Amino acid sequence: MKNTALIVIDMQRGFISQKSSCYIKGAAATVPDCAKMIKGCREQEIPVIFVNRLYRENGSDVEHTRLEGWLRGGKPISPNCMKDISADMPEEFEPQEGDYMVRKPRFSAFFQTELDMLLRRLDIKNLILIGTTTPNCIRTTCYDGISLDYNVVVISNCTSSATDDIQKANLKDMENIGAQVMTSREFLSGKKKIKDTAGIAKKYVAG
């Protein structure tokens, strides 16, 4: 699909495993659907961009609000931590030739990363977001993407939160701000199309 990219955010063992102090309830359950989404996008020649974390072992780049629990919990998502809580992705997400890897230091996939430059080099206008967590990394990336004039799609069954209520509320908020929310089946089957709201705005301004 032309001008579209799949952004896979933080689907790493340190966020998926119950052994991790950074564990996100609900993330593990989305692994099969995320894997299908990744496979389906590759088949449609949609670029796949993995945006992940890797904390320094000394904790100098860990969010101050997370640092205490991170230290007590075995320093997840950092070099030399236990494999179960590491920065590794599930085997189902094995990167392939043509995929891209971006490392981010904070919640948003855009904050102090090369993601925007990469997307513009690839002539991307539509972003499909999957991963974890919906209220943090997905939401901040969604808002930054819209602010940068991308059309943003959030795949509801490929994102996760600590509770169902949090998930529903955040999906609704993103939809209200202009993101398009759909399921992986709706997207991959073509049942729902991406609306080019950013393109409509540019045409209006251009007269």
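1. How many cavities of 30 Å³ or more does a search of the whole structure find? The search finds one, a cavity being a set of points on a 1 Å grid over the protein atoms alone where a 1.4 Å probe fits but cannot get out. The volume of the largest cavity is about 60 Å³, where a volume is the space filled by probe spheres set on the points, and grid points are joined across faces, edges and corners.

2. A word on the basis of this note: the model is predicted, with local features needing pLDDT of at least 70 and side-chain atom pairs counting only at pLDDT 80 or more, while totals for chains, interfaces and linings use all residues. Residues are numbered from 1 along each chain as its sequence is written, and side-chain values use heavy atoms, with hydrogens and water left out.

3. The lining of the largest cavity consists of Asp 10, Phe 15, Ile 24, Arg 53, Arg 66, Phe 107, Thr 132, Thr 133, Asn 136 and Cys 137, lining residues being those with an atom within 4 Å of a point. By class these are four nonpolar, three polar and three charged residues, with Ala, Val, Leu, Ile, Met, Phe, Trp, Tyr, Cys and Pro counted as nonpolar, Asp, Glu, Lys and Arg as charged, and the others, Gly among them, as polar.

4. Thr 132 and Thr 133, both in that cavity lining, are joined by a cis peptide bond with omega near -5 degrees. Thr 133 belongs to the loop between β4 (126-132) and α5, helices (H or I, at least four residues) and strands (E, at least two) being DSSP runs numbered from the N terminus.

5. The largest pocket holds about 150 Å³ of space, a pocket being an open set with protein on both sides within 12 Å along at least five of seven lines. Its lining is made up of Arg 53, Leu 54, Tyr 55, Arg 56, Asp 61, Arg 103, Lys 104, Pro 105 and Arg 106, which divide into three nonpolar, no polar and six charged residues.

6. The strands form an open sheet of six in the order β3-β2-β1-β4-β5-β6, with parallel pairing, where two strands pair if DSSP finds at least two bridges between them. At the edges lie β3 (100-103) and β6 (180-182), each of which pairs on one side only, and the twist from one strand to the next averages 25 degrees. Strand β5 (residues 151-160) pairs with β6 over three bridges in the parallel sense, and Ile 155 has Met 182 in β6 as its bridge partner.

7. Helix α5 (residues 134-147) packs with helix α6 (residues 164-177) at an angle of about 5 degrees, their axes 11 Å apart; axes are lines fitted to C-alpha atoms, for helices over the stretch in contact, and angles run from 0 to 180 degrees between N-to-C directions. The two helices, α5 and α6, are therefore roughly parallel to each other, a term for angles under 35 degrees. By class, their contact (heavy atoms within 4.5 Å) has nine nonpolar, three polar and two charged residues. Helix α6 also lies across β5 and β6, running at about 170 degrees to β5.

Definitions and conventions:
Angles under 35 degrees count as roughly parallel, over 145 as roughly antiparallel, 65 to 115 as roughly perpendicular and the rest as oblique.
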